[in-house]
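Trainee: I have a model open and some questions about it. Can we go through it together?
Mentor: Go ahead.

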Amino acid sequence: MSEARAGTVVRASPLGTWFDHHLYSLVASLGRVFRKPWAALLTIAVMALALALPLGLWLVLGNVERLAGNIERSREISVFLRQDVDAARAARLADELRARGNIGSVEHVTPEQALESLRADDSLAGIVDAVGDDNPLPHALVVTPAGDELMVASSLQQLPEAELVQHDAQWRQRLDTWLRFGGRVTWVLAALFGLGALLVVGNTVRLDIQSRREEIGVLQLLGATDGFIRRPFLYLGAWYGLAAGALAVALLAAAGFALRDPLAELAASYGSRFALAGIDMRWTLAVLAVATVLGWLGAGLVTGHFLRQTRPTET
């Protein structure tokens with residue numbers, strides 16, 4: 001019975017063999033990264049810088065856009081009513097404007113509220129106190145457009161109750177144009193630097209392939225498939241990409257940490273509570289995934305080219 005058991009040959013399933021080789025390639029390729037630490041670190045650093053530059057520009061644009069969003073009052077249109085318009089008429093006019101489809105909201109500011117707002121400003125408190133009880137301020141409506149700002153402002157100027165319509169949208173339109181231009185520049189830079197990162201990994205993997213040229217030749221003569229030979233190099237490129245993505249995120253986090261306090265002080269000097277937003281977990285995972293894919297692609301392109309050139313042919 002024991003002899004029968006000793007003679008039993010345990011055959012692994014094809015799926016198990018495939019999984020084992022993937023696991024072996026994953027661990028062995030990581031070992032090859034640590035086998036040449038300085039060369040690997042140089043490759044990872046160059047790739048990380050290539051990733052960090054467009055990402056940094058993207059974060060800057062995102063913060064500028066967020067800052068512009070915080071200045072939401074720039075979209076608001078202030079309508080100062082004539083002095084003979086009383087509170088009841090101003091309230092009815094606010095309700096009529098709220099019913100319009102191209103208007104998001106309307107805030108009715110009474111003369112008393114406007115005076116209190118001015119009194120809260122230390123630089124104007126003395127002037128407000130000098131006015132005394134004779135409040136010269138009119139009723140005002142603060143309108144937030146839900147559609148075309150210029151069209152809304154033009155329609156508000158036609159109101160018979162309106163004395164002055166204050167709206168400055170030109171700078172906002174210019175800012176939006178610059179943000180769109182910056183976003184396009186970021187995409188172009190991301191494409192160029194992404195291509196550069198891909199080439200860096202490809203060149204590193206090419207050097208590794210050259211050092212294992214004889215080993216690959218033997219595997220080809222033994223009938224190993226291209227997928228079998230290519231697999232360790234793919235994981236090697238993926239490790240490079242993953243490490244470069246992590247380093248790029250760390251560089252951006254360090255840059256954000258260095259700039260956060262000075263920017264907060266600068267914003268506070270203008271009476272703003274704006275705080276620099278860094279890269280969040282969702283973007284971190286996206287950067288790691290994209291960097292890993294870039295490393296995988298770079299290794300795959302180089303390895304595939306090499307295998308096509310060295311594939312044995314039947315004579």
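Trainee: Where is the place of Thr-43?
Mentor: Thr-43 is in helix α3. Helices here are DSSP runs of H or I with at least four residues, strands are runs of E with at least two, and both are numbered from the N terminus. This is a predicted model, in which local features need pLDDT of at least 70 and side-chain atom pairs count only at pLDDT 80 or more, while totals for chains, interfaces and linings use all residues. Residues are numbered from 1 along each chain as its sequence is written, and side-chain values use heavy atoms, with hydrogens and water left out.

Trainee: Is Thr-43 buried or exposed?
Mentor: Thr-43 is buried, because its relative accessible area is 8%. Buried means under 20%, exposed over 50% and partly exposed in between, with a 1.4 Å probe and protein chains only.

Trainee: Which residues is Thr-43 in contact with?
Mentor: Leaving aside neighbours within four places in sequence, they are Val-200, Thr-204 and Tyr-240. Contact means heavy atoms within 4.5 Å.

Trainee: How many residues has the largest nonpolar core?
Mentor: It has 26, and Met-47, Leu-51 and Tyr-240 are among those with the most contacts inside it. Such a core is a set of buried Ala, Val, Leu, Ile, Met, Phe, Trp, Tyr and Cys residues joined through side-chain atoms within 4.5 Å.

Trainee: Which helices supply at least two residues each?
Mentor: α3 (37-70), α8 (170-211), α10 (226-269) and α11 (281-310) do. A second, separate core of 18 residues includes Ile-77 and Val-152.

Trainee: New topic. What order do the strands of the open sheet have?
Mentor: The order is β2-β3-β1-β4, with antiparallel pairing. Two strands pair if DSSP finds at least two bridges between them. β2 (103-109) and β4 (162-166) are the edge strands, each pairing on one side only.
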